[in-house]
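Please examine the sequence and the model displayed below.

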Amino acid sequence: MSEKTLVQAINDGLRVALKNHPDVLIMGEDVGKNGGVFRATEGLWEEFGDDRVIDTPLAEAGIVGTALGMAINGLRPVAEIQFMGFIYPGFEQIVSHAARLRTRTQGAYPASIVIRAPYGGGIRAPELHCDSTESLFVHTPGLKVVVPSTPYDAKGLLLASIADPDPVIFLEPMRLYRSVRGEVPEEEYQVPIGKARMVREGEDVTILAWGAMVPVAEKAAEEWSDKGVSCEVIDLRSLYPLDEETIITSVEKTGHVVIVHEAPRTAGVGAELTALINEQAFLWLEAPITRVTGYDVPVPMFALEDDFLPNPKRVSQAIEKVISF
Amino acid sequence: MRHIDPGLQYIQPNGELTAEGRVVWEEIDPQLRLDFYRWMVKVRLFDRRSIVLQRQGRIGTYAPLEGQEAAQVGSALALTTLDWIFPSYREHGVAMIAGMPLDRILLYWMGRVEGNLAPEGVRLLPPAVPIATQLPHATGAAWAAKLKQEPSVSVAYFGDGATSEGDFHEALNFAGVFNLPVIFFCQNNHYAISVPFSRQSATLTVAEKAAAYAMDGIRVDGNDVLAVYDVMAQAVQRARNGGGPTLIEAVTYRRGAHTTADDPSRYRDEQEAQEWIKYRDPLDRYRKLLHAEGMLSEAEERLWEETCKQELEEAVRAAESAPAPPASHLFAHVFEELTVSQRRQLEELNRGEGNDKDE
């Protein structure tokens with residue numbers, strides 16, 4: 001065990017995968033000699049060489065499409081898209097091919113690829129570098145979508161994603177890359193896809209969050225704990241498939257739900273969670289489910305970023321709203 | 001020193017004109033000769049000041065352009081206010097020549113959306129951040145000009161990395177098929193962040209790709225402001241006269257980092273960068289030429305630099321004192337009218353349910 005940041009844990013997960021599995025390779029823009037713009041692939045090119053850590057031409061459709069071709073022919077590529085906001089040229093390859101190749105070939109070609117992308121706001125990055133469009137992928141049948149929020153989960157989920165026989169969109173919250181640290185085992189281990197993490201147990205309110213919103217939710221829960229309201233914070237970790245059991249069990253216990261995501265509200269993953277809870281735990285609800293989200297506007301340039309991204313104050317107000325309903 | 005095929009060259013790195021260059025030099029307006037110099041100095045000083053501002057935390061991540069002044073100044077000065085410009089994020093020099101105030105360029109790097117808006121009458125679009133995505137727009141604007149029988153020309157500015165994207169191919173292909181008045185101006189600065197051009201393309205040049213779209217492709221020394229200007233002026237004239245598109249490859253070098261968040265020593269040989277700075281600098285060679293031609297004295301140089309620095313400080317002051325927009329500005333300009341859901345969200349914000357940054 002050693003203490004690592006989230007980005008170091010990802011680097012460690014990639015190293016372990018390359019070391020233990022000769023069919024794994026890494027490809028993307030600046031992932032080789034430069035070690036990735038966030039240093040997620042630092043040292044890997046030196047250690048594993050040009051055939052396994054590949055600097056590609058600057059072309060996201062090319063990266064995703066050729067990764068898929070490699071998977072068809074038996075390799076397990078981990079493709080990096082430099083920022084989620086740049087993934088869209090590869091969107092056609094993801095939606096029209098990666099997501100449905102298994103179906104179209106009746107299981108002959110399951111498309112085992114991982115597409116990693118830094119995502120979300122909060123680091124004063126330039127325009128168009130801060131998108132949170134996870135719901136586009138969650139909405140696409142055939143894709144798994146995971147988001148770690150701790151170093152331990154980052155490595156374990158990444159290794160589970162690489163081992164997974166289906167395509168996984170692996171979203172890395174940029175804001176947490178270096179702001180969280182935690183113990184990470186040296187060896188290979190997996191955090192299962194589809195299982196949420198209980199961040200903090202509570203009796204009164206369920207807060208559902210993922211990625212960079214988990215620490216925001218925790219902070220609000222902390223504040224209310226001092227006032228005698230106990231919040232249960234759940235880090236979903238996996239946006240598709242969802243850990244329905246953990247979510248529903250918690251809602252049946254608390255009867256109050258706050259959902260936090262930085263993506264715009266309309267058709268965000270919060271909408272799906274709300275529908276799921278309505279379908280499965282309606283009679284346990286004591287207040288309408290409340291969402292704290294980005295607004296229905298394009299993610300702003302960073303001068304207004306702090307007004308756009310949910311913060312503990314907004315989450316705290318939502319907690320008050322559901323308990324005083 | 002490594003040999004680089006610079007493409008068409010009029011001013012040699014030692015500041016001497018070639019025979020062909022002498023002919024072009026004699027033909028151009030003496031005022032323009034001075035403008036080349038003045039703009040290149042201003043662009044360089046702006047760039048250096050911006051890097052300092054970033055280091056001081058007064059602007060955000062910034063994309064430096066030092067080394068590419070001749071490519072930007074020479075090409076932009078060949079355009080008129082009729083022409084459309086679709087830049088990437090490194091074209092501050094082009095932007096200021098097109099008429100973008102310096103303080104607004106700074107505002108962009110301060111994360112302010114106001115920095116995207118060019119003044120009335122300036123046909124300059126916001127910097128395209130996703131690579132090569134602006135190329136089809138330039139093709140489309142040129143297409144509209146042709147359909148409307150307007151004499152305007154469109155220019156897309158981009159780097160060598162952009163030539164790998166599908167949008168590059170599609171934009172050039174449309175331009176070729178419909179014979180459109182558009183110029184694709186590639187500043188080949190040798191690196192797309194860390195990736196050298198040899199990893200972008202198996203061809204040795206960008207210019208040769210033009211053949212695949214049946215358009216002219218020209219490789220020019222991008223650090224030679226006179227050659228860039230002349231090549232661009234010819235392409236503009238050809239486009240205006242119905243002669244169709246041109247792909248220009250200006251061979252240059254990004255002296256510094258991709259952005260202030262980048263460290264080129266990780267992927268680039270320092271010796272290589274030093275060679276470009278020492279032997280192929282666009283400003284040094286042009287200064288030498290002006291001195292030799294008796295058009296510039298050292299006192300005039302100092303005076304101009306001082307004038308630029310004052311203008312820059314005024315721009316910094318103006319940008320830093322521009323009132324910050326309220327949170328409700330998030331909803332401005334998303335649609336012509338707010339939608340139902342936006343109106344509800346804006347009301348939440350106005351009721352004090354938004355973030356409170358002062359807390």
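How do the residues of the lining of the second largest cavity divide into nonpolar, polar and charged? In this predicted model, that lining comprises five nonpolar residues, three polar and one charged. Residues of chain A in the lining are P126(A), E127(A), M301(A) and F302(A), while chain B provides G60(B), T61(B), Y108(B), W109(B) and G111(B). The space in the second largest cavity amounts to about 60 Å³.

This space belongs to a set of four cavities of 30 Å³ or more in the structure. The largest cavity has a volume of about 150 Å³. Its lining consists of 17 residues, and those nearest its centre are E91(B), H92(B), A95(B), I105(B) and P127(B). Two elements of chain B, α4 (92-98) and α5 (102-109), each give two or more residues to this lining. The most comes from α5(B), with three residues. By class, the lining of the largest cavity has eleven nonpolar, four polar and two charged residues.

Attention now turns to a pair of helices in chain A. Helix α8 (residues 213-226) of chain A packs against helix α12 (residues 312-323) of chain A at an angle of about 55°, and their axes are 8 Å apart. The two helices are therefore oblique to each other. The crossing of α8(A) past α12(A) is right-handed. On the side of α8(A), the contact involves V216(A), A217(A), K219(A), A220(A), E223(A) and W224(A); α12(A) contributes P312(A), V315(A), S316(A), I319(A), E320(A) and I323(A). This contact has eight nonpolar, one polar and three charged residues.

Notes. Residues are numbered from 1 along each chain as its sequence is written. Chains are lettered from A and ligands numbered from 1 in the order in which they are written. This is a predicted model: local features need pLDDT of at least 70, side-chain atom pairs count only at pLDDT 80 or more; totals for chains, interfaces and linings use all residues. Side-chain values use heavy atoms; hydrogens and water are left out. Axes are lines fitted to C-alpha atoms, for helices over the stretch in contact, and angles run from 0 to 180 degrees between N-to-C directions. Helices (H or I, at least four residues) and strands (E, at least two) are DSSP runs, numbered from the N terminus. Angles under 35 degrees count as roughly parallel, over 145 as roughly antiparallel, 65 to 115 as roughly perpendicular and the rest as oblique. A crossing is left-handed if the near helix is turned anticlockwise from the far one by less than a right angle, and right-handed if clockwise. Contact means heavy atoms within 4.5 Å. Ala, Val, Leu, Ile, Met, Phe, Trp, Tyr, Cys and Pro count as nonpolar, Asp, Glu, Lys and Arg as charged, and the others, Gly among them, as polar. On a 1 Å grid over the protein atoms alone, a cavity is a set of points where a 1.4 Å probe fits but cannot get out, and a pocket is an open set with protein on both sides within 12 Å along at least five of seven lines; lining residues have an atom within 4 Å of a point. Grid points are joined across faces, edges and corners, and a volume is the space filled by probe spheres set on the points.
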